[in-house]
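Here is a short report on selected side chains.

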Amino acid sequence: MKKTNIILLVVIAVAIGVIITMVGDFSTYETFATARQKEGKEFHVIGTLDTLQTMSYDPLKDANLFSFFVKDKKGETRKVVFYGAKPTDFEKAESVVLTGKMDGTEFHCSKILMKCPSKYKNDQVAMGNQSL
């Protein structure tokens with residue numbers, strides 16, 4: 001075989017390897033039950049804010065600690081701890097996408113994506129100050 005053919009085969013093999021590893025990183029929306037089974041692994045959980053339970057945010061005490069309760073798509077409600085400021089108009093969000101990990105019975109999230117009800121308002125993203 002020619003050297004160019006061998007080099008081309010090596011480049012194709014490396015490209016296939018990179019594609020396979022990237023596909024493994026793509027995530028889908030999961031539930032709290034799935035996140036609990038694989039504690040320590042980061043997941044995207046979609047759900048709605050549980051307005052029957054209280055939110056906890058005291059900027060005078062700790063401006064980078066916000067906790068609230070979310071009901072996932074299977075109906076399971078969990079406490080969510082977010083290490084960042086409370087997002088503006090958080091109570092008005094139709095749904096939230098949380099990126100984070102389970103820690104015992106709590107879901108510790110590093111990023112919140114809020115789906116806003118108005119078609120004229122873009123979705124809002126809140127990033128936490130602490131890496132998980």
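## Aromatic pairs

Rings of Phe, Tyr and Trp (its six-membered ring) pair if their centres lie within 6.5 Å; planes under 30 degrees apart are stacked, over 60 edge-to-face, and the rest tilted. This is a predicted model: local features need pLDDT of at least 70, side-chain atom pairs count only at pLDDT 80 or more, and totals for chains, interfaces and linings use all residues. Residues are numbered from 1 along each chain as its sequence is written, and side-chain values use heavy atoms, without hydrogens and water.

The structure holds five aromatic pairs. F32 sits in helix α2 and F107 in strand β7, 75 residues apart. Both F32 and F107 are buried (under 20% relative accessible area; exposed is over 50%, partly exposed in between; 1.4 Å probe, protein chains only).

F66 and F90 are also edge-to-face, with centres 5.1 Å apart and planes at 85 degrees. F66 lies in strand β4, F90 in the loop between β5 and β6. Y57, F66, F68 and F90 form one aromatic cluster.

## D72

D72 is found in strand β4. At 4% relative accessibility, D72 is buried. Its contacts (heavy atoms within 4.5 Å), not counting residues up to four places away in sequence, are T31, F32, A33, V45, I46 and G47. A polar atom of the D72 side chain lies 3.0 Å from the backbone nitrogen of F32.

## Helix α1

I6 lies in helix α1 (residues 3-25). At 43% relative accessibility, I6 is partly exposed.

Key. Helices (H or I, at least four residues) and strands (E, at least two) are DSSP runs, numbered from the N terminus. A polar contact is a pair of N or O atoms within 3.5 Å; within protein, one must be able to donate a hydrogen and the other to accept it, and residues adjacent in sequence count only if both atoms are side-chain atoms.
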